[in-house]
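Hi,

Here is the structure we talked about handing over. My notes on it follow below.

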Protein chains: 2
Amino acid sequence: MSAKRERLIYLPLGGAGEIGMNAYVYGYGPEGKERLILVDLGIAFPDMDTTPGVDVILPDIAWLKDRLDRLEAVFVTHGHEDHLGGVGHLYPQLKKPVYARKFTANLARRKLAEKGQDQNAVTTVGPWPETVEAGPFTVGFLPVSHSIPESAALVIDTPAGRIIHSGDFKLDAAPIVGEAFDPDLWAEAAKPGVLALVCDSTNVFSRHPGRSESQVAPNLVPLVKDATGMFVATTFASNVARLKSLADAGVAAGRSICLMGRAMRRMTEAASEEGLLNDFPRTVSPEDAASLPRENLMLIVTGSQGERRAASAQLSRGKYFGMEMKEGDTFLFSSKTIPGNEKEVARIMNNFSEMGVDVVTDDDGLYHVSGHANRPDLETVHGIVNPQTVIPMHGEHRHLREHAKLAESLGRTGVVAPNGTMLELSGNAPRVVDHVETGRTYLDGMALVGQFDGVVRDRLRMALNGHVVVALMIDDDDAVMEDTWVDIRGLPDAANGAPLADLMEQHLAGVLSRVDSRTAGDDEKLEDLITKGVRKVAQDEVGKRPEVTVLITRLTAD
Amino acid sequence: MSAKRERLIYLPLGGAGEIGMNAYVYGYGPEGKERLILVDLGIAFPDMDTTPGVDVILPDIAWLKDRLDRLEAVFVTHGHEDHLGGVGHLYPQLKKPVYARKFTANLARRKLAEKGQDQNAVTTVGPWPETVEAGPFTVGFLPVSHSIPESAALVIDTPAGRIIHSGDFKLDAAPIVGEAFDPDLWAEAAKPGVLALVCDSTNVFSRHPGRSESQVAPNLVPLVKDATGMFVATTFASNVARLKSLADAGVAAGRSICLMGRAMRRMTEAASEEGLLNDFPRTVSPEDAASLPRENLMLIVTGSQGERRAASAQLSRGKYFGMEMKEGDTFLFSSKTIPGNEKEVARIMNNFSEMGVDVVTDDDGLYHVSGHANRPDLETVHGIVNPQTVIPMHGEHRHLREHAKLAESLGRTGVVAPNGTMLELSGNAPRVVDHVETGRTYLDGMALVGQFDGVVRDRLRMALNGHVVVALMIDDDDAVMEDTWVDIRGLPDAANGAPLADLMEQHLAGVLSRVDSRTAGDDEKLEDLITKGVRKVAQDEVGKRPEVTVLITRLTAD
């Protein structure tokens with residue numbers, strides 16, 4: 001009697017093939033009976049091009065939900081939304097223990113509280129070599145520098161060997177807040193031999209070595225000192241180190257510091273509770289700030305990506321909590337613009353330009369540094385960890401491919417495993433053992449909607465083509481009654497100024513007067529006829545092909 | 001008896017406060033009776049965020065249409081869509097002579113032909129010192145280098161003095177195709193003294209001197225030579241010089257050249273007709289290309305901005321005219337990504353990555369140069385032209401403001417005059433004399449729609465919120481008849497899986513059963529009641545606030 005062979009599997013459900021909504025499954029056990037852990041459960045952000053009206057994009061966790069009895073726990077590497085943001089939304093479907101370091105755990109508990117879930121589900125774990133047992137896995141949080149405090153790589157021990165899952169990271173020797181990257185500690189973690197390094201790929205195309213957070217502060221000080229009016233800076237609220245550098249520069253210039261925006265308050269509250277802001281300058285409330293001379297004031301605000309409702313955008317449109325930008329003020333983007341947000345950010349810059357506000361950006365590389373390891377840094381980490389296999393994650397397909405090529409060029413196996421690719425890692429060499437259907441789930445208002453449910457597709461079609469609604473009545477003799485009603489949303493009038501609805505009603509009246517009773521008695525035929533008629537008029541008159549809804553009411557003799 | 005004082009005015013209708021849809025009016029004569037010329041008539045491109053379904057964005061020329069009897073002519077500086085693209089669409093409303101240099105004129109005639117308009121409206125003008133009289137204006141086309149052949153600044157002589165309107169330009173001493181920037185020629189044009197330089201501002205934030213088109217070719221040659229499979233390159237079709245550099249590099253590597261994409265054919269046809277492609281390598285047709293070994297082939301294709309229907313995007317999705325990309329092929333973006341197009345371009349890169357195609361971009365600045373003057377180049381031109389006033393154009397507000405500050409820092413007057421600002425230039429100093437309402441006109445299918453007509457706003461709202469249609473009947477006693485019908489587009493089901501339309505019908509049945517006959521007899525009251533009821537259900541069940549259309553049919557006793 002031979003026991004079924006046990007194996008170690010890796011399955012990304014999100015984050016491998018995109019930057020956002022990270023969710024990686026590891027499993028160990030007999031095939032089909034592996035015990036599972038989930039690493040990270042993040043969100044992605046919607047856009048008008050593909051997901052209008054959607055609030056948040058989540059990974060589709062159907063595969064996990066079908067195997068809940070085998071899922072041991074969720075481990076969260078750090079507090080960014082693309083790693084932690086899904087915990088509040090999806091915990092109700094998982095109800096499994098969540099492990100994280102203390103700052104991340106604080107944020108995770110807030111997420112659960114917002115959704116009325118049990119905060120006790122979250123357990124704080126100290127830094128490696130402290131570990132947590134989860135089924136066949138032993139997991140430790142290996143500190144690493146990133147653009148948020150207490151980021152961690154995971155040291156995942158399995159009967160088949162050790163995996164290091166990098167999380168997001170950079171090699172920062174002086175990160176201002178939180179731990180520096182410690183090559184000795186990483187070398188120690190790698191010492192027993194590492195089966196696979198599952199590794200952040202975001203900046204694989206950046207050829208120069210990454211820069212330290214500590215390089216920003218010296219540039220901020222003269223900038224703030226030389227400013228005359230109010231000084232306002234925006235950055236990612238979670239970049240606590242940057243908040244401190246900005247605030248320190250403000251204080252050095254004799255300014256009071258005021259933090260504005262909901263995310264800013266939430267982050268600094270959590271950081272303060274976890275003892276990360278002990279030497280942060282004292283701040284003033286927006287109410288008190290309003291009474292200070294503007295040249296003695298520095299605001300640090302949310303909205304570096306141009307988000308419409310964040311503080312930056314509101315200040316660019318007018319008053320925000322009593323504060324208002326004026327000619328002679330300075331506004332600093334201590335941030336980079338994430339691809340896709342360029343137009344929104346430019347809109348804010350132009351609004352400020354119209355007010356006479358001087359806008360300073362990071363175009364010259366002075367006021368921002370990336371939180372991710374660049375190509376030479378990745379080479380360094382490959383060298384320190386010296387894994388048998390590098391599995392690139394946290395990147396679009398082109399990043400994963402380039403990172404795998406980099407690994408191969410350094411003499412290691414590199415495997416491109418996009419979302420849904422199940423790898424077995426326990427054999428002689430990693431190999432693809434399954435392809436799992438993955439996708440996106442949309443939080444739309446309060447509802448969770450599948451990517452292919454058609455809800456968002458219908459909205460996109462109405463946005464592109466407009467919507468024509470036709471209501472008509474059929475009497476109990478299957479005769480079309482007069483007064484067919486056409487209502488139009490989002491279509492232009494005809495070239496001669498005639499309302500398109502009138503032209504459609506006229507056309508339909510003609511069409512319907514010629515309808516025989518067999519067609520009139522068949523909803524589907526009638527709908528088809530009307531849709532064609534409506535589209536013909538739209539095409540002829542305005543060159544559009546609208547969405548059409550036909551409402552047929554049949555009067556029945558009562 | 002004193003004649004009314006004559007004046008020289010400048011009025012941007014588009015292009016000043018945005019990059020796109022350039023349209024600048026100059027006028028000379030007694031106030032309110034100035035004779036007018038229009039410089040450029042371009043388009044801007046729509047996006048899902050603000051203009052879903054729109055085909056093209058045009059400047060609103062209502063101000064000009066009210067003064068058509070005073071408009072003498074249209075002058076087009078060069079053939080880019082943001083300067084020439086509106087000519088075909090708006091000529092029918094203007095019917096005025098169009099002047100341009102021969103390549104631009106060729107393209108303008110094609111635009112008119114496409115719209116069935118009279119191509120004889122376009123007159124070709126030779127380079128300055130050749131001039132055209134247009135009322136009180138004498139206009140010459142001063143050659144300048146840009147990223148399309150035969151770009152020109154306009155030398156506009158008026159009784160009040162000379163204006164130089166730069167058009168789009170760079171200071172290129174070796175532009176490969178077309179004239180180099182000739183500082184002596186410009187100095188000669190400026191010699192009599194220049195009242196105002198109206199000047200391109202696109203690259204005012206770029207601090208290094210601009211690079212020559214001729215710097216690209218030496219980098220292309222080794223890249224193409226080292227490639228193994230098929231080599232495909234995309235760039236702006238209008239950049240004829242780049243097409244030549246690419247094709248030359250292909251030939252040097254022993255490859256046959258095939259041009260693909262509609263814009264590519266149109267541009268090279270026009271360039272060829274005007275004698276600009278005399279030393280362009282012989283090309284093969286897509287049909288012949290398909291039969292050549294792929295390592296002997298170079299395709300030059302449209303779609304550098306990720307346009308869904310262009311050749312690049314089609315190749316990234318599968319076959320295009322029998323050609324297909326494969327592992328080992330190379331795809332080069334010899335272009336920059338215009339802000340807003342990042343996601344579309346990345347989608348193509350990732351598709352190619354999945355195919356195993358090596359994608360090369362301009363990230364390292366090797367394979368593209370900008371067509372616009374950088375900050376030091378602008379300083380040079382200010383110096384050569386030495387105008388009394390610099391009026392920045394062709395830029396967002398922040399570009400105009402920065403450019404005006406640059407002019408001031410060099411000891412000249414700089415005036416920020418965004419769209420709709422009428423400046424008098426003939427007084428002692430330029431001053432704002434009027435603000436004119438300007439805006440955007442959307443070409444939507446075949447219809448021209450005003451920016452504030454609500455058509456596109458309605459589409460955006462449906463995209464964000466979904467659309468609920470309610471049809472109900474009122475009998476001739478003002479009683480609501482049963483079977484109120486709710487139809488839904490773009491809204492999710494309720495959390496328990498119940499169709500939202502059913503829940504709304506149930507709710508409305510309750511509401512309507514309690515309606516008194518006064519409300520039932522009043523369409524507006526009834527509509528309001530139903531809209532509220534629908535929105536309440538949507539809010540309670542899915543957290544959305546949909547658009548609502550209510551169709552009330554009243555049965556009348558006949």
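The buried residues of α3(B) are B:Val87, B:Gly88, B:His89, B:Leu90, B:Tyr91 and B:Leu94. Buried means under 20% relative accessible area, with exposed over 50% and partly exposed in between (1.4 Å probe, protein chains only). Helices (H or I, at least four residues) and strands (E, at least two) are DSSP runs, numbered from the N terminus. Six of the eight residues of this helix (residues 87-94) are buried, so it is largely enclosed by the rest of the structure. B:Lys95 follows α3(B) and has a positive phi, near 50 degrees.

The model is predicted: local features need pLDDT of at least 70, side-chain atom pairs count only at pLDDT 80 or more, and totals for chains, interfaces and linings use all residues. Residues are numbered from 1 along each chain as its sequence is written, chains are lettered from A and ligands numbered from 1 in the order in which they are written, and side-chain values use heavy atoms, leaving out hydrogens and water.

Now the chain contact. 66 residues of chain A are in contact (heavy atoms within 4.5 Å) with 66 residues of chain B. Between the two chains there are 12 salt bridges (a side-chain nitrogen of Lys or Arg within 4 Å of a carboxyl oxygen of Asp or Glu). B:Arg401 forms one with A:Asp358, the closest N and O atoms being 3.2 Å apart.

Last, B:Ile530. Leaving out residues up to four places away in sequence, B:Ile530 touches B:Val470, B:Leu472, B:Leu508, B:Leu512 and B:Val550.

Best wishes
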